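Work through the exercises below with the structure in view, and try each task before reading its solution.

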Amino acid sequence: DRLNVILSIPVSVLVAYGTVSLLRRRAFLGRGIALVALVGLLILAEYIVAYPTFNLEVPGWYAGLAHEPGHFGILSIPMDLRGQSDKAYMYYQTEHGKPIVGGHVSRPAGDAFEFIEQVPLLKSIQSGKSEMPGLAVANIAEQMRLLSKANIRYLILDKDFLSDAEEAGWKAWLIQDPLYEDGDVVVYRTDPTLGRDFVLRHEMLADPAGQGQLGLISASIVPQETAQGSRIQVKVEWASASPLDKNYDLCISLIDEAGKIGQKQCQSLAPTWPTSRWQAGEMVAAGYSLELSPYLESGAYSVILSLADGGTVASIGHPAVIGQLEHSAFPRNFNRPDPMYETQITWDETIHLPGYNLVRPDVVSGSLAVTFFWQALDRMVASYTNFLHLIDPVSGQIVAQADVIPRGWTYPTNWWEKGEFVEDTIHLSVANLPPGVYDLYAGWYDLETGERLPVYLETGRAFAGRTVLLTTVEIPGN
């Protein structure tokens with residue numbers, strides 16, 4: 001910028017010399033007025049304000065700030081140390097006269113950014129991309145304390161440089177109520193106080209004097225309708241009225257309409273900012289993920305938050321109901337099937353095959369259909385993969401195969417309940433196979449390790465190769 005300003009002076013002199021030279025040429029005799037007019041228009045075009053320029057209007061709140069007594073600084077969001085917003089903040093500074101965080105400096109000192117590097121909030125947003133600090137900087141009150149200790153009195157959201165979504169995101173992250181808001185700015189104190197800037201909506205823990213010590217500003221769950229195998233996200237805004245002397249865990253419980261616990265999960269309340277470090281007026285945003293148990297039955301559940309001493313699951317204080325969950329699970333079948341072909345085969349003492357149905361291929365279908373009736377002898381930790389191989393007995397080569405998770409990859413074995421029967425149909429395409437008789441084998445394996453599950457007859461005899469010859473299949477000719 002500085003070089004361009006200086007360069008314009010000698011260039012203007014050269015333009016003047018060039019214009020005079022043109023006017024002295026015979027070809028331009030009688031056209032001098034037109035040439036001067038043209039050059040004049042070009043100069044006017046250079047200076048005409050017909051495109052977006054810097055807004056010289058200063059938001060009205062800054063005028064009032066100029067009259068506020070005391071020497072203190074302010075922080076404006078977004079912060080862009082080399083961009084348009086920080087230049088605007090410097091211009092606003094000519095109105096209010098207070099120190100600002102950031103600004104546009106051509107040759108900053110070596111320690112100019114030391115303060116920004118020491119405050120996680122500032123460090124996370126100095127890129128100027130208006131990115132939210134998110135849960136990585138969850139201890140909101142601590143960030144405000146760091147600003148307040150540095151004599152920064154206000155944090156200001158400048159709406160001219162934030163999109164609607166970014167503005168909403170910042171308001172949600174800051175938790176506390178703003179001190180002031182108009183069409184230009186949203187202003188927050190950097191010394192938020194319980195009862196003035198935020199309130200406890202639900203007291204979960206009281207101090208020895210019976211006063212509310214730890215509780216919720218707000219809490220929510222998404223989604224509120226779930227299916228088997230899904231998870232819910234729990235967002236909580238915490239606050240403390242007084243310092244805490246120990247670390248607490250948070251337990252998330254799903255309680256059915258009969259008052260029974262359907263599922264319970266306990267974890268650190270705030271892993272990035274343990275409660276033993278919390279001071280009076282703390283504000284912490286935290287997010288938790290609860291993977292729903294595949295054995296959770298269908299029904300309506302109350303989602304309840306409770307506190308526990310770190311490392312225990314014994315609830316203390318006053319639980320809080322934060323929402324309702326409607327859960328839908330797959331129906332389970334515990335009635336023994338009536339298969340076409342009965343068997344007595346068991347894999348690893350967990351998966352039993354009482355029988356199967358077989359639809360042999362014909363010229364029209366060109367497909368072999370096998371319906372298995374599996375039974376879970378116990379709950380399984382792993383999700384196993386079922387394989388079906390059609391083998392040429394002469395060459396020993398696999399000529400058709402299928403590797404599947406039952407029911408079209410929607411019902412893994414670690415969702416099966418003990419005693420449950422699971423029906424699953426597998427189709428093998430055999431249309432391109434030459435006519436003949438083939439062997440049909442079945443088995444299970446762990447997809448992560450590739451290891452097959454051992455398989456036994458009812459008599460206890462193990463099958464070689466950990467695979468079972470079910471039957472032979474004849475492929476007809478055309």
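**Exercise 1.** Find which helices each supply at least two residues of the lining of the largest pocket.

*Solution.* The helices are α1 (2–23) and α2 (32–47), where a helix is a DSSP run of H or I with at least four residues and a strand a run of E with at least two, numbered from the N terminus. This is a predicted model, in which local features need pLDDT of at least 70 and side-chain atom pairs count only at pLDDT 80 or more, while totals for chains, interfaces and linings use all residues. Residues are numbered from 1 along each chain as its sequence is written, and side-chain values use heavy atoms, with hydrogens and water left out.

Next, list the lining: Ser8, Val11, Ser12, Val15, Val39, Leu42, Ile43, Glu46 and Tyr47. Of the elements, α2 gives the most, with 5 residues.

**Exercise 2.** State where Thr385 is found, and decide whether Thr385 is buried or exposed.

*Solution.* First, locate Thr385 in strand β17, which covers residues 384–391. Then take its relative accessibility, which is 1%, so Thr385 counts as buried (buried means under 20% relative accessible area, exposed over 50%, and partly exposed in between, with a 1.4 Å probe and protein chains only).

**Exercise 3.** List the residues with which Thr385 is in contact, leaving aside its neighbours within four places in sequence.

*Solution.* Contact means heavy atoms within 4.5 Å. With those neighbours left aside, Thr385 is in contact with Asp403, Val404 and Ile405, and also with Gly443, Trp444, Tyr445 and Leu447.

Key. On a 1 Å grid over the protein atoms alone, a cavity is a set of points where a 1.4 Å probe fits but cannot get out, and a pocket is an open set with protein on both sides within 12 Å along at least five of seven lines; lining residues have an atom within 4 Å of a point.
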